[in-house]
Amino acid sequence: MPEGDVRIMEINTERDSGTLIAKTGGRVDGTNASEFQDALKGAIAPDDKAVILDFEELSYISSAGLRVILLTAKDMRTANVKFAVCSLSQSVRDVFTISGFDQIIDIHDDQQAARSAVSS
Amino acid sequence: MVTQDAQTYAYKILVVDDEPDLEPLILQRMRRNIRSGRYAFVFAHNGVEALEVLQRDTDIDMVVSDINMPQMDGLTLLEQIPKVDPNIRSVIVSAYGDMRNIRTAMNRGAFDFVTKPLDFEDLQITIERTLTHMAEWKEALQSRDKLVAIQNELDVASKIQQSILPTSFPEGDGYEVYGNMLPARNVGGDFFDVVLLENDKIGLAVADVSDKGVPAALFMMSSRTLLKGSAIGHGAPGDVLSEVNDLLNEDNETFMFVTVIYAVFDPQTGDVTYANGGHNNPLLVRPDGSSEELPMTGGIALGVMPDLEYRQNSVTLHADETLVLYTDGVSEAMNSVGEEFGVERLQQIFLEHPPTTARAANEAILKAVSDFAGGTPQSDDVTCLVLRRTGV
């Protein structure tokens with residue numbers, strides 16, 4: 001990696017009756033997507049019944065980031081864990097729309113809507 | 001580096017075909033490269049004979065093989081070649097649009113294919129591309145042996161990426177095509193391609209693979225080859241994306257995916273039909289420099305899930321109108337204060353300077369993006385393919 005290009009990925013998590021809410025901020029792109037993937041993997045516990053990614057503070061996601069979302073969605077489906085994302089900024093939502101990922105990933109306007117969707 | 005003096009280094013190519021007329025034809029059509037010492041050819045007439053030659057002659061770099069042959073066919077031969085020498089690269093000669101065999105050949109390690117009847121110019125381009133790839137691949141293996149840093153692997157990936165991009169563009173009555181890419185230093189998976197189709201139509205593709213590194217570069221390679229194969233086998237862009245999507249979903253354990261915009265241009269009528277697999281929509285620029293994004297067709301990126309249909313849409317390109325296909329590296333290029341380049345800035349370029357040629361339009365876009373970014377490191381490849389209908 002060249003100097004100064006690495007952005008450290010931080011994921012803040014909280015749990016509420018079996019639902020993991022993971023918040024990530026900044027940018028997810030080719031330079032840090034694998035870190036994002038590792039951080040996410042580390043955050044999800046085997047007994048989580050649902051996982052919500054809250055993207056309120058996410059300013060940008062590239063296709064490398066979308067791949068991590070896709071991987072997570074597939075893993076969660078296999079493990080029978082509900083999975084949703086919420087609170088996308090307009091530009092992040094555009095990335096989901098253009099790639100067609102809005103048709104395969106459960107997206108909600110805010111955390112409240114996501115919580116009630118995964119608990120139903 | 002494996003390439004020494006490109007002019008004098010001889011590559012030995014084994015041609016396998018049961019058609020006896022092919023040998024004199026190849027020797028005749030490739031005579032310039034044979035005389036200069038760049039290529040040396042050996043011939044076999046079926047798979048069994050080919051394997052005998054390969055075992056006897058360990059200098060062979062590359063195999064060009066027909067599929068249907070007596071005793072041992074080309075697909076069976078492909079399975080056997082790596083057992084003799086895993087570094088040999090193969091190109092298959094297939095019937096026009098025979099995707100099933102092309103896909104099988106790719107699965108068995110073929111690098112590329114050419115179609116019958118053989119176009120010798122195309123064959124030579126394919127041979128050169130394969131030889132370039134082979135050199136990069138040998139280098140990749142050497143770096144792996146040495147367990148060198150990730151950066152080296154990324155360098156190799158970017159060389160593989162460069163080796164699959166077209167280096168020349170078709171010229172025809174009434175249109176021009178020009179494409180280019182500014183690669184990001186260590187990430188990115190863009191590619192583009194221009195394919196000549198039946199009835200003088202042109203297929204244009206711009207794509208973006210979701211990951212980086214050597215596995216992504218290999219995924220890119222197979223996406224490109226499948227796209228090319230499907231493009232010349234089908235007419236409709238929607239069918240092409242649907243087929244490539246299904247093929248990419250077979251054994252996609254890495255969960256990589258690729259966004260693709262694929263358009264077919266008919267120079268006779270100016271009609272452009274396109275389908276979109278999760279990619280940015282092309283921009284149509286009018287002679288006065290005003291422009292609009294083509295309507296969305298709503299497809300999902302390829303490789304995500306099988307059995308998808310891709311809707312397509314058509315527009316007519318009139319004289320002096322320009323179609324710009326690009327990747328998100330253009331629209332999402334960032335400047336020092338974190339702003340994105342955006343589609344509006346892209347449109348602004350042509351409002352100020354309406355396109356005069358395909359190449360000029362392409363260069364104007366790449367320059368505007370890099371001026372905008374200033375010193376901000378490029379986080380993604382910037383790719384742009386321009387089609388322009390000239391005065392009719």
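**Loops and helices of chain B**

Modeller: B:Asp320 is partly exposed, with 17 other C-beta atoms within 10 Å. (Buried takes 20 or more other C-beta atoms within 10 Å, exposed 12 or fewer, and partly exposed lies in between; C-beta atoms are placed from the backbone.) The model is predicted, so local features need pLDDT of at least 70 and side-chain atom pairs pLDDT 80 or more, while totals for chains, interfaces and linings use all residues. Residues count from 1 along each chain as its sequence is written, with chains lettered from A and ligands numbered from 1 in the order in which they are written.

Stay with B:Asp320. Its loop runs between strand S13 (312–316) and strand S14 (322–326) of chain B. (Helices, H or I of at least four residues, and strands, E of at least two, are DSSP runs numbered from the N terminus.) B:Asp320 is not a glycine, yet its phi is positive, near 65°.

B:Gln71 has a positive phi too, about 70°, and is not a glycine either. This residue sits in the loop between S3 and H4 of chain B. B:Gln71 counts as exposed, because it has 12 C-beta neighbours inside 10 Å.

Now the prolines. B:Pro117 lies in the loop between strand S5 (112–115) and helix H6 (120–145) of chain B.

B:Pro354 is in the loop between helix H11 (342–352) and helix H12 (358–373) of chain B. It has 17 C-beta neighbours inside 10 Å and therefore counts as partly exposed. Set aside its neighbours within four places in sequence, and B:Pro354 is in contact with B:Pro287, B:Asp288 and B:Gly289. (Contact puts the C-beta atoms of two residues, placed from the backbone, within 7 Å.) B:Pro354 and B:Glu321 are 33 residues apart in sequence, and their C-alpha atoms are 9.7 Å apart in space.

B:Pro306 belongs to the loop between strand S12 (291–293) and S13 of chain B. It is partly exposed, with 13 other C-beta atoms within 10 Å. Leaving out neighbours within four places in sequence, B:Pro306 is in contact with B:Asn245, B:Asp246 and B:Asn249. From B:Pro306 to B:Leu247 there are 59 residues along the chain, but 8.3 Å between C-alpha atoms.

Helix H8 (residues 213–233) and helix H9 (residues 237–249) of chain B pack at an angle of about 140°, with axes 9 Å apart. That angle makes H8(B) oblique to H9(B). (Axes are lines fitted to C-alpha atoms, for helices over the stretch in contact, and angles run from 0 to 180 degrees between N-to-C directions. Under 35 degrees is roughly parallel, over 145 roughly antiparallel, 65 to 115 roughly perpendicular, and the rest oblique.) H8(B) and H9(B) cross right-handed. (Right-handed has the near helix turned clockwise from the far one by less than a right angle, left-handed anticlockwise.)

Which residues of H8(B) and H9(B) meet? From H8(B) come B:Ser223, B:Leu226, B:Leu227, B:Ser230 and B:Ala231, and from H9(B) come B:Val240, B:Glu243, B:Val244, B:Leu247 and B:Leu248. This contact of H8(B) with H9(B) divides into 7 nonpolar, 2 polar and 1 charged. (Ala, Val, Leu, Ile, Met, Phe, Trp, Tyr, Cys and Pro are nonpolar; Asp, Glu, Lys and Arg are charged; the others, Gly among them, are polar.)

H8(B) has another partner. Helix H5 (residues 99–107) of chain B packs against H8(B) at about 165°, with axes 10 Å apart. H5(B) and H8(B) are therefore roughly antiparallel. Their crossing is right-handed. B:Met99, B:Ile102 and B:Met106 in H5(B) meet B:Ser222, B:Thr225, B:Leu226, B:Gly229, B:Ser230 and B:Gly233 in H8(B). By class, the contact of H5(B) with H8(B) has 4 nonpolar, 5 polar and no charged residues.

In helix H4 (residues 74–84) of chain B, the buried residues are B:Gly74, B:Leu77, B:Leu78 and B:Ile81. They span an arc of only 105° around the axis, so they lie on the same side of H4(B). (The arc is that of the directions from the helix axis to the C-beta atoms.)

Last, a strand residue. B:Leu182 lies in strand S6 (residues 175–182) of chain B. It is buried, with 20 other C-beta atoms within 10 Å. Not counting residues up to four places away in sequence, B:Leu182 touches B:Leu366, B:Ser370, B:Gln378, B:Asp381 and B:Val382.
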